[in-house]
Amino acid sequence: MTVRTRFAPSPTGFLHIGGARTALFNALFARRHGGAYLLRIEDTDKARSTQAAVDQILESLAWLGLSPDEEPVFQSSREARHAEVARELLAQGKAYRAYETPEELAAMRERAMAEKRPPRYEGVWRDREPGPEQEGKPFAIRLRAPREGETVINDEVQGTVRVANTELDDMIILRSDGTPTYLHAVVVDDHDMAITHVIRGDDHLTNTFRQCMVFDAMGWTRPRFGHIPLIHGADGAKLSKRHGAVSVLDLRDQGMLPEAVCNYLLRLGWGHGDEEIISRERAEKIFDISDVGRAASRMDYKKLGHVNGVYLRQASPDSLLPEVLRRLTANGEGFGADKIAKLKLLLPALQERAKSLVDLAESAAFVVAEGAPEMDEKTAAMLTPEAKGRLSDLAQFLSGAPWERADLEQWLRDYADVKEVKLKDIAQPLRLALTGSTMSPPIDLTLFALGRDEALARILTAAGEELPPPV
C-alpha cells in the first residue's frame, strides 16, 4: 500500500496555525512512509469561498515548504461525481428520496427540542414510497443509515472510539437543488484520491462516524483516521487574535523563519524524547502520528520566539541578507554595494541577539543609515557633556589608527590605558554615537564595518562638533 495523505482546507479565510500543523503532520507522515502528500481545496461553500483565500493558503503552504506533491484538487469541480455516487446509492436502495419542505424540517427540529430530544431527522421517508402528489416535486437524497449496532473507529490518536447507530440519523448526501453535502463529498474525494490516512483536527471526529457509513454503503475501504487535538491559547481558550498571531502569514510578517515555525508546530502535541530542535529532514525520518498526544496544545509565542532565535543563529548570513534588505527597503529605497558589504560584515554578530527577522532588521538599520543614527530622548540624554568630550578626544585619537579590526581593538585598549579609564566607559558612548543604541555588535567590529570616514563622522556628530570639510 502506498501511503497517501491530504490536507483539506476551506478557502473562507487565512490559513491559521492549527491548519498549518495539520498540513505539516500530513506531509511528514507521507514522507516517513515514502508516500504522497496531497492538497484538496474544499470550496463547496460558494458564498464564503474566495480566490483571495485560495491564493493565501497556497502562499502560506509554499512559504512553510509544504506545497503538495500533486496539483491541488478543487472540490467544487467534482460536484458531478459526488452526485453520481449519491444516485448510485439511491439505485442500490442504500439511500432514499426525502420530500420534506424546509418548513416541515424546521417543525421537526422544534418538536424534538420541545420534547428535549436531540434534533435528528425522524426518517419519515425512509420506508415510504412517493405518491402522485410528489410527482415533480424536489427531493433530497438521504443515506439509509443502519439502525442497529454501533460504528467503531480505531483512531491512530484517539484510540478506539464508538457510537451507537441509534445516535446517528439518515444524513442528506444530495440536497434538493442537486448539490452534494460536505460530509458526502469528502468521502467521495478521499476514495477517488486513494487517500489511505486522514489526519485532521479532532473537531472532525463526530463527522467521521457519518462518513464511515458512506464508505461502508459503497463497499469502499475506509482510510485510517488520526484526529489530532486542537491548539488553544495560553489561557486554554480557543486560539484567537487576542492571543497573538493566528495566521501563518502573520508569523512571516513578524519575522519568523518557516523552518522555526514548522519545528515549533511539530512539537505542539508531539515529541521524540528530549529533542527540541528538529530539522525537517530529521522529522521526516522519525515522525509518527501514533505519537501525538490526546490533550489540546497551548500556543506559547515566547517559546516560538526562542526556537526562531535558535534557527536565526544557525542560519547562514547569506541566506538572511535578502530578507533583512527587504525589510530595510520597505519604503522602496535601495542601498549601494558599499552599505550591503558593511551589512554582510555585521550580520553574523547581529544574528546572535535577534529573535526574529524584524529584530535583525531593526538592529541592522544603523548600518545603512545616512549619517549619524537617530536617538530617542532617553538615549540622547546618555551623551552627557563628559561623554561628548570623551568622544571628541577619541575621534582625534582614532583618526591615526590603521583601520583593521584587530588594530582597532588594541587602539581602544591603549586609549583606555593612557586615559586610565575602563574600556566599558569608552565603549558605551562610542556605541551610542555609532549605532544610536546601547546594544550593538562588538565595538571594534562596528568601527571596522562602518569604515574610517563614516565612523569618525558619526563620532564627531555625537560629540556636537562640526565635521571637517572634505579634502
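Predicted model: local features only at pLDDT ≥ 70, side-chain atom pairs only at ≥ 80, totals over all residues.
Residues are numbered from 1 along each chain as its sequence is written, and side-chain values use heavy atoms, with hydrogens and water left out.

Let's start with the open sheet, where three strands line up as E4-E5-E8 with antiparallel pairing. Strands here are DSSP runs of E with at least two residues, and helices are runs of H or I with at least four, numbered from the N terminus; two strands pair if DSSP finds at least two bridges between them. E4 (95–98) and E8 sit at the edges, each pairing on one side only. Two bridges join E5 (residues 140–143) to E8, and Arg142 has Ile172 as its bridge partner in E8.

Asp169 counts as buried because its relative accessibility is 16%, the cut-off being under 20% relative accessible area (1.4 Å probe, protein chains only). A polar atom of its side chain lies 2.9 Å from the backbone nitrogen of Tyr121.

Now for the cores, which are sets of buried Ala, Val, Leu, Ile, Met, Phe, Trp, Tyr and Cys residues joined through side-chain atoms within 4.5 Å. The largest has 51 residues, with Leu343 and Leu447 among those with the most contacts inside it. Helix H13 (residues 357–368) gives this core its largest share, seven residues. Another core, of 45 residues, lies apart from it and includes Phe7 and Val292.

Technical notes:
Buried < 20%, exposed > 50% of the residue type's maximum accessible area, 1.4 Å probe, protein only. Polar contact = N/O pair within 3.5 Å; in protein donor to acceptor, adjacent residues only side chain to side chain.
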